[in-house]
Structure formats: structure tokens, C-alpha cells
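Okay, everyone, let's get going.

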Amino acid sequence: MAEITFREALRSTLHEALSTDERYFMMGEDIGAYGGSYSVTKGFLEEFGPDRIRDTPIAESVIVGAGVGAAMAGLRPIVELMTINFSFLAIDQIINTASKVFYMSNGQINVPLVIRMASGGGSQLGAQHSHSLEGWYAHVPGLKVCVPADPYDAKGLLRTALKDNNPVIFIEHTALYAKKGEVPEEHYEVPFGKADLERVGDDVTLIGYGGSVSQVLQAADLLAAEGVEAECLDLRTLRPLDVDTIVASVKKTNRAVIVEDDWRFGGFGGELASIIQEQAFDYLDAPVQRICGADVPMPYNRTLEQAALPQPEDVFDAVMAIR
Amino acid sequence: MASIAERSAKTGLVADLRMMMLIRRFEERAAEAYARRKIGGFLHLYIGQEAVAVGAVGALREDDYVISHYREHGHALARGMEPGAVMAELYGRSGGVSGGRGGSMHLFDAARRFMGGWAIVGGHLTTACGLAIAQQKAGEGGVVLCFFGDGAVNEGEFHEALNLASVWRLPVLFLCENNLYGMGTAVERVSAVEEVYKRAQAYEMPTERVDGMDVVAVRESVKNALAHIRLGEGPYFLEALTFRYRGHSMADAELYRDKDEIGNWRKRDAIETLRLSLEKAGTLGEGQFDALQAEVDAEVEAAAEFAENSPEPPLESLHTRVYAD
């Protein structure tokens, strides 16, 4: 099996869609002549032309709004918002429009729209460029939210997203673009709402998504060295959420630690903890733990920034404290 | 004897008059139903502005899209949506155009390419750009008619949408219904530039101000604009000066304007003006207006009856059609 980067997995999947169906086209800031701020769309403008690879003004609301309108008219737009931080300028279109068209029109009109954006901190980009607000979008009925953590899922989930008939928020953690992983040559898709059981264990369930999956897996290695076998779940999609796999795992291990880059207060991890207590209360041998980003705007200083992000050691300590 | 073209133009005007009367009676009937709590939520009446919807929508082709704001009953009716199904939507019933899920502000009819009433001021101008991308790609000369009010022009989305439409030469007719008030706030109190059409000039598109109380003038301006757009020349901006006789919504006590102002606009009422001119020209004979009124009254009464008798959406439908398959 070939090893490719997360970036290449995304690029080749977008390329495949653009090559096989004229309804797909892309809009976004600097996706064309510049080649994409994370180089995902490099060469697309030359290959597919300016009608299908559309460089937009820096105007996030109309980028998404135009995507919604084009999708309502039967096209399959792929919108790139550069980063999740800029998506807040389009929140009216994402939440007030995209998520509601199908329901409000009583199913007359649907919105097959993929909205891609990079997320996450860790690159010393400061407080305005380091958000991990995946959970905000997962909060909204009518949206689907993908959070791939490796090249295999980046390809498989994006294929599913591109075929979906609803607005899909596709979130790519910036730390992952250069990450390599095995991706098969033959066609496959990763369905929504199916978590990836990354590692099997009996002692504790570690739950991560997107950028935090690598912290989870590193923590599992540290724990194994101490004789603690962690079961590791990569959620892959936050909406729909694979409740069954989460609950089954916690019922087996009797302990859960949730790991996310996002802020703790009001975050997605709280939803996970709530689901676990609702559906596996009698199986829990310890309170559900959450390891989250520090409850502060992200500092620029490297040491402070690393302290603000969940580290494998934090996860290790949390597990050791409840075993 | 009038030429065939003149006769058909006159027949067309009678149809326009009738449609304006239908919209007005529909709105009056909706207000009555609201007062009797048959209709909930917000209800924004279009009374006074009928010439804009009828003049503009009447110039469209079937393959054109219409997208509108939350004061959109008139646009929906002018587009040919069934008065009964529109009224049933106001009632929140399953026979409504949006199955009772949308309400007064969210009328949809995909078959007639009526892509919604939208209730976040300015937001749907961006949606119009996307519909226009599809029209442009289809390459068959289809356009998007996008209605919005004067309140929208200070929103960032207005400027984002006009800029993109111009840069990409999108086939959109931006039609601002300037009724002089954004809710209770007069345009001049909150706009650095009062003449709305001048805002659009900054985006290098043709603009025009038209008398929104004159259905013939609106029709002519819209026809010219559509011809320009269908040639692939990009977007066009029309500002129709008009006036709503009622409050912003049914909850509005109208403390911000005096009765004289409303009275002065009523003297230029679009329905009355057209009636007089058609009667003067002999197109409308004696008693014909009253006959039309009786027809329209009956049609609206039937619409209200349809709404009354339309069943509530089943409770089990609450969680259906959240996502498309």
C-alpha cells in the first residue's frame, strides 16, 4: 500500500471528483493562482480552468452563500474557507442558511455543499488563528461534521462528503497536512458516523478526534509501558456521532478519558461525557475525564502555547489518576 | 381600433391589476386571520408595495429564479404560487407551500423556482449569487431576481454579494424595494448615502431608480434590466421607491412616522392609479373593476378556507426531512 500525505489524500480526492463530474467546482480564497494556502489545490486552476477553480475575494459570507445558492440549483460546490477562524465571518450562511434549506423548504430543496477549513493551534499563530471550534458546527442540526485524523480517513471521508446531499463541514487540522499514512489504490469510502477503533484495550477508553487523535495514541503507548491497555477511538465524524461504539467501549473498559484541543467549558467533550453517563452510567468505575485546551485565548509564546494544548502526558496522568 | 399588440398589452395590464388586487386582498385577509390568532409569529404585510412584485415577477421566464426577503407573500403570489397553499403556510398547515415548517417568512416552491423567503436581512443576496452561478453555467440566459429592502444595504453581505456578482458578471437583478423604513428606522437616519442605487454604482453595474408605485414603470425597467443581464453583461441594480401602508409587522405601533406621510403615499396608490388609467382608456368598462374585486375576494376567501381545512402537520413529522438522503 502506498504511503501518501494527508494533503495528497485530500488533493487526489478533490481531483477525482472534479475529473468525473462537471457539477463539482471549487470556490475559495487563493485556491487557484496561489495554489491554496495549504497547497491542497496546487495545479487545479491550470488543469480545470477558472470557471471551476474560482479564486474569490476575501468575503467569507458570500463565498459560502454562493456555495449554498449553487447547491440549491443542483450543482455540487466545494468551498474552501482557508481556516475555521475565518469561517466565523460566514456563520450566518452556514447556520442561518445552509443548515436550514432542506428542513424549511419541507424537503423540496437540498444543499449538497462541502465546506473545507483548516483548524487547530500549535503553530504559534496567536489567538485569532488557532481555534478548534469543530464542536460549534456539530451543535447544529442540518450540518454534518467530518474531522479526519489521518490520510486514509481524509480520503475516505472526503469521498463520502462529496457524495452527500447535505452541507458537510470538513475540518482539516493544520498539523496533519504533512502527515503520512497508508492509503489503498483501490476505491474505498469511509462512512459517516463510524468511529475508528484505533487500538483495542480493556483498561480505559480514550476518545479523540481530528488533531487530538495523535495525543490519544501517544498516550496509549505511554500507558502500555506501564501495563495499562487503553482502547483508542477516533470519532472521524462529530455529526453524525458513533454513539454505539463509544458506549460499547466504555461498557467494556469502565473508564473514559476524552481528549480535545477545544476549550473545555461548553465544549464537545461535555456532550460526549453526558452521553456516556446517560448510556453507560452503571458501568463507570470512575468519573469521565476531559483533557482539553486551556480556557484562555491561545498565547503566541511557544512554551505557553504548548501548555495550552493537550499533551500525551496530560492524558497519561489523567488515566493513572482514575485507575 | 387598437392593434393586436396594444390589445394584448391592455389585457396584460388588467391581469397585472388583478394580481395586485389579489395580493392586497390576500394580505388584508391574512391580517384578519392574524388578529384571530390563526396565524402566529411575525406577519409582514406587503400592502402598498404590490406594483413592485407584480411589475418585476411578470417580466420573468419560467427558468429564472426568484429569491426574496421576509415580506414575500406578494412575490410568491405573483410567481403563480397557489393562494391557498401560501395561506396554509401562514397558518402553519401541512398543505402550505413549505408544509407548515417555514411560515410567513419562508415560502418555498422549487417547481416555480421560488427559492425562499429569507429572514436574516441581507443574507440571501449571497445565495442569489450562487443561484446565478448555476444559471451562468447552464448558459441558457436564465437570471436570478433578488428582492430585498432598504434595510439590507448597510449589511456587509450586501456589499460582498454585489462585489462578487460584478466581478464574475453573474446574471442577477438586484431589486431593492426602498419603502423608506428599515423596521422603524428611516433610511436617512442610518445611511450615509440615501439614494440606494448610488451604493451599487461603486460596484460597476448599471443602476436605475424607478417609481415603485407604477407597475408599468417597474415592468419596463425590469425588462430593460433583464435584457442586459441575459446578454451576459452581468448584474443590474434597480431601486424601486415604494411604501408599505401597514407597520413593519403586525406588532408595530408605528410611532416613528405620521399619518400624513402614509396618506400622501396612498394618493399614489398603485392599484387605484392603474384602475383610473384603464378606465379612462376604456380598457376597463363600467362595473369591471367591481367584478374583478368580487373575483379576487372569492379567490382569497377560498384560499383562507383551504388553509382552515388543511390538516396540522403530523407530530411524527417533526424529525423528518432534517437531512436529504
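Predicted model: local features only at pLDDT ≥ 70, side-chain atom pairs only at ≥ 80, totals over all residues.

Helix α3 of chain A and helix α5 of chain A, residues 91–98, have axes that come within 7 Å and cross at roughly 30°. Angles under 35 degrees count as roughly parallel, and therefore α3(A) and α5(A) are roughly parallel to each other. Who's touching whom? On the α3(A) side you've got A:Ser61, A:Val64, A:Gly65 and A:Val68, and they meet A:Asp92, A:Gln93, A:Ile94, A:Thr97 and A:Ala98 in α5(A). Sort the residues of that contact by class and you get four nonpolar, four polar and one charged.

Now over to the other chain. α3(A), which covers residues 60–72, also pairs with helix α6 of chain B, residues 156–167: their axes come within 8 Å and cross at roughly 65°. The roughly perpendicular range is 65 to 115 degrees, so α3(A) and α6(B) are roughly perpendicular to each other. The crossing of α3(A) past α6(B) is right-handed. From α3(A), the contact uses A:Ser61, A:Val62 and A:Ala66, and from α6(B) it uses B:Gly156, B:Glu157, B:Glu160, B:Ala161 and B:Leu164. That contact has four nonpolar, two polar and two charged residues.

Let's zoom out to the whole interface. How many residues does each chain put into the contact? Chain A gives 31 residues and chain B gives 31 residues. On the chain A side, the elements giving two or more residues are α3, α5 and α6 (101–104) of chain A. The largest share of that side is from α3(A), with nine residues. By class, the side of chain A that touches chain B has 14 nonpolar, 16 polar and one charged residues.

Last stop, chain B as a whole. Chain B has twelve helices and eight strands, and its C-alpha trace spans about 60 × 50 × 45 Å along the principal axes. A compact globule of 325 residues would have a radius of gyration near 20 Å, and chain B has 19 Å, which agrees. Buried residues are 53% of the 325 in chain B. Of the contacts in chain B with a separation of 6 or more, 74% are between residues 24 or more positions apart.

Conventions:
Residues numbered from 1 in each chain as written. Chains lettered and ligands numbered in written order. Axes fitted to C-alpha atoms, helices over the stretch in contact; angles between N-to-C directions. Helix = DSSP H or I, 4+ residues; strand = E, 2+ residues; numbered from the N terminus. Parallel < 35°, antiparallel > 145°, perpendicular 65-115°, else oblique. Left-handed = near helix turned anticlockwise from the far one by under 90°. Contact = placed C-beta atoms within 7 Å. Nonpolar A, V, L, I, M, F, W, Y, C, P; charged D, E, K, R; others polar. Rg over C-alpha atoms; globule rule 2.2 N^0.38 Å. Buried ≥ 20, exposed ≤ 12 C-beta atoms within 10 Å, placed from the backbone.
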